[in-house]
Amino acid sequence: MFQELPLEARRELARIFLPLRVRRGASLYALGDGVDGVYLVREGLFWLEGPRSATGEAASLGVVGPGGLLGEEALVGERRRTAGATALTYAELLFAKVEELGSVRRYPEVEAFFLRALYRRLKGAEEALWAARHLSVAQRLARLLLTLAQEGEVALSHQDLAHMVGATRETVTKLLGEWALKGFVDLGYRRVELRDPEALARLAEAL
């Protein structure tokens, strides 16, 4: 993750960023929690949760995967978390306490590294906003399945997928059920097997 940086900066980053493992479904931090540090995702997926609506539905602010940055409030001096982060899968991270960050931020290359990570988060949020405005839930879900499929399978629950496409679990379950009847997918416990990726690709592009 730090291979592009100078040796001295890599050594300091390796000293302050400690490995952390998180089980599926665990909350990394909640909206309003105190800011204790910053996280870099090595493996796994995290759902970012915003404020809840009057009906209790949490706003979906996106999903962060390998190479992504979490807890960016620590980089800009915020004292409280502006979103919550929950592990959608088993995850491995690197964590640095906020009081340790000053020792590495004196390196311009490290500042650029953090800036690139923040930029990727911004572009991801812009793409998700565009998709929410211009694509149907079916298109967003089909695109997500095609993106996440490993060896033809996505190991996430219907609720997880709903979080990721900004829809309700009921809507996602209905769509997957329809696609299963058509032979596009096969459904199991926390599992979606892609049986006809070409059909899903057509759905993803249909207007």
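Ala, Val, Leu, Ile, Met, Phe, Trp, Tyr, Cys and Pro are counted here as nonpolar, Asp, Glu, Lys and Arg as charged, and the others, Gly among them, as polar. The structure is a predicted model, in which local features need pLDDT of at least 70, side-chain atom pairs count only at pLDDT 80 or more, and totals for chains, interfaces and linings use all residues. Residues are numbered from 1 along each chain as its sequence is written, and side-chain values use heavy atoms, with hydrogens and water left out.

Two annotated regions are considered. UniProt positions are given in the numbering used here, with shortened feature names, and annotations may be inferred rather than shown by experiment. An unreviewed UniProt entry places the feature "domain: Cyclic nucleotide-binding" at residues 1-94. Helices (H or I, at least four residues) and strands (E, at least two) are DSSP runs, numbered from the N terminus. Over residues 1-94 the chain is 11% helix and 41% strand, and its end C-alpha atoms lie 10 Å apart. The feature "domain: HTH crp-type", from an unreviewed UniProt entry, is placed at residues 135-198. Over residues 135-198 the chain is 55% helix and 16% strand, with end C-alpha atoms 18 Å apart.

Strands of a sheet pair through backbone hydrogen bonds, either parallel or antiparallel. Two strands are taken to pair if DSSP finds at least two bridges between them. An open sheet of 4 strands has the order S2-S7-S4-S5, with antiparallel pairing. Strand S2 (27-29) and strand S5 (58-64) stand at the edges with a single partner strand each, so one side of each has no neighbour in the sheet. Neighbouring strands of this sheet are turned by 30° against each other on average, direction ignored; axes are lines fitted to C-alpha atoms, for helices over the stretch in contact, and angles run from 0 to 180 degrees between N-to-C directions.

Tryptophan 47 stands opposite valine 63 in S5. S4 and S5 form a hairpin with 5 residues between them, and glycine 56 in the turn has a positive phi of about 90°.

Pockets were located on a 1 Å grid over the protein atoms alone: a pocket is an open set of points with protein on both sides within 12 Å along at least five of seven lines, and lining residues have an atom within 4 Å of a point. Grid points are joined across faces, edges and corners, and a volume is the space filled by probe spheres set on the points. The largest pocket holds about 1200 Å³ of space. Its lining has 42 residues, and the closest to its centre are Gly62, Val63, Gly124, Ala125 and Ala128. Two or more lining residues come from each of S5, strand S6 (69-70), helix H2 (108-134), helix H3 (137-148) and helix H4 (158-165). H2 gives the most to this lining, with 13 residues. The lining of the largest pocket divides into 23 nonpolar, 11 polar and 8 charged residues.

The second largest pocket holds about 360 Å³. Of its 14 lining residues, Leu45, Thr89, Leu148, Gln150 and Ala155 lie nearest its centre. H3 and strand S9 (153-154) each give two or more residues to the lining of the second largest pocket.

Definitions and conventions:
On a 1 Å grid over the protein atoms alone, a cavity is a set of points where a 1.4 Å probe fits but cannot get out, and a pocket is an open set with protein on both sides within 12 Å along at least five of seven lines; lining residues have an atom within 4 Å of a point.
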